[in-house]
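The following exercises are intended for a reader new to this structure. Please keep the sequence and the model in view while working through them.

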Amino acid sequence: MSKTIAINAGSSSLKWQLYQMPEETVLAQGIIERIGLKNSISTVKYNGQKEEDIADIPDHTEAVKILLNDLLHFGIISSYDEITGVGHRIVAGGEYFKESVLVDEKVVEQVEELSALAPLHNPGAAAGIRAFRKLLPDITSVCVFDTSYHTTMPDYAYLYPIPQKYYTEHKVRKYGAHGTSHKYVAGEAAKMLGRPLEELKIITAHIGNGVSITANRYGQSVDTSMGFTPLAGPMMGTRSGDIDPAIIPYLIERDPELKDAADVVNMLNKKSGLGGVSGISSDMRDIEAGLEENNPNAILAYNIFIDRIKKFLGQYFAVLNGADALVFTAGMGENGPLMRQDVVDGLSWFGMKLDPEKNVFGYRGEISTPDSKVKVLVISTDEELCIARDVERLKNSK
């Protein structure tokens, strides 16, 4: 019996989950935060226990060393030989990767090359890959790409209405993100509905700090809200989502703090969204607390958020020419009954109705009424499990 680690590495963090495979049993999970900064934090959860340690962790290689040592120290494994596979979540696969792949040096170099499409994610992921290759060179190493699920989009959906040379010469197009999550919850929705995925039209709404919405037709992504980078789409926690691109040069000309396009894009990625509009927080729980206090900025931020999600859902009802189900997933999607109610109430024309006894915190499953023309579901996403499954599949294909 073998063990596989699913890794989600960011620029200063490394989230992980250890599975017993092929049973798909979670043995342990954890996160290492503040990599490269003082007082880095390593957290390990196993057997109902939680261990936390604070130390200076200079880079991802040291973070991986600490992770592996913790697995031994806490008796989660008895030897590194038990670990036979590692899967890495990669946000941007560009046009290089249409499915998960076994890692070699060329793959790592391509992941680094694609950092322009996901500057907050791909560099850290590449660092995580290199760390594991250095410390456990003989295990099966796999890259799983957020974008690969969206490679089934038709050209009229993924191309932008700009001169074709920018696609042919520079690969400017919509790539999407969160594909692993959208694929997983669409499949789980089909099981919940008791129908083949190949017969269903499903809109999946991954609503966390990052937000993306996908139109799934018969098991394939045909359109998605994130674009060339994860900045596009509805309003998010710290990201603006879609804006008029003419705003970028306009602000550069007028705000001395914004010296170039990179400064504006950084502002749109990190200082906008719920946090930027409210001035309170990028966390919806804090925004909802502001609603109760009648904070005008919290109300405005919340209203913009609901408005943008409704608009994208409306688009995808049109793209699919109707849908069998709407699925809410990820942090806010799974744990935001108020947000779900306000979104669905604003789309009542499509025949969706929520059951107030089911649309509550912690409920998973169908939350719509029996007479709802479109089923509304809450499904917990499990990107780590998808990663572990792909490691197992590719390991067996070697």
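Two exercises with worked solutions follow.

The model is predicted, so local features need pLDDT of at least 70 and side-chain atom pairs count only at pLDDT 80 or more, while totals for chains, interfaces and linings use all residues. Residues are numbered from 1 along each chain as its sequence is written, and side-chain values use heavy atoms, with hydrogens and water left out.

**Exercise 1.** Determine which rings form a cluster with Phe 97.

Solution. Step 1: recall that rings of Phe, Tyr and Trp (its six-membered ring) pair if their centres lie within 6.5 Å; planes under 30 degrees apart count as stacked, over 60 as edge-to-face and the rest as tilted.

Step 2: Tyr 96 and Phe 97 make an edge-to-face pair, at 6.1 Å centre to centre with 70° between the planes.

Step 3: Phe 97 and Phe 145 are stacked, at 4.3 Å centre to centre with 5° between the planes.

Step 4: ring pairs therefore link Tyr 96, Phe 97 and Phe 145 into a cluster.

**Exercise 2.** State whether Tyr 96 and Phe 97 are buried, partly exposed or exposed.

Solution. Step 1: buried means under 20% relative accessible area, exposed over 50%, and partly exposed in between (1.4 Å probe, protein chains only).

Step 2: Tyr 96 has 41% relative accessibility, so Tyr 96 counts as partly exposed.

Step 3: Phe 97 is buried because its relative accessible area is 5%.

Step 4: Phe 145, the stacked partner of Phe 97, is also buried.
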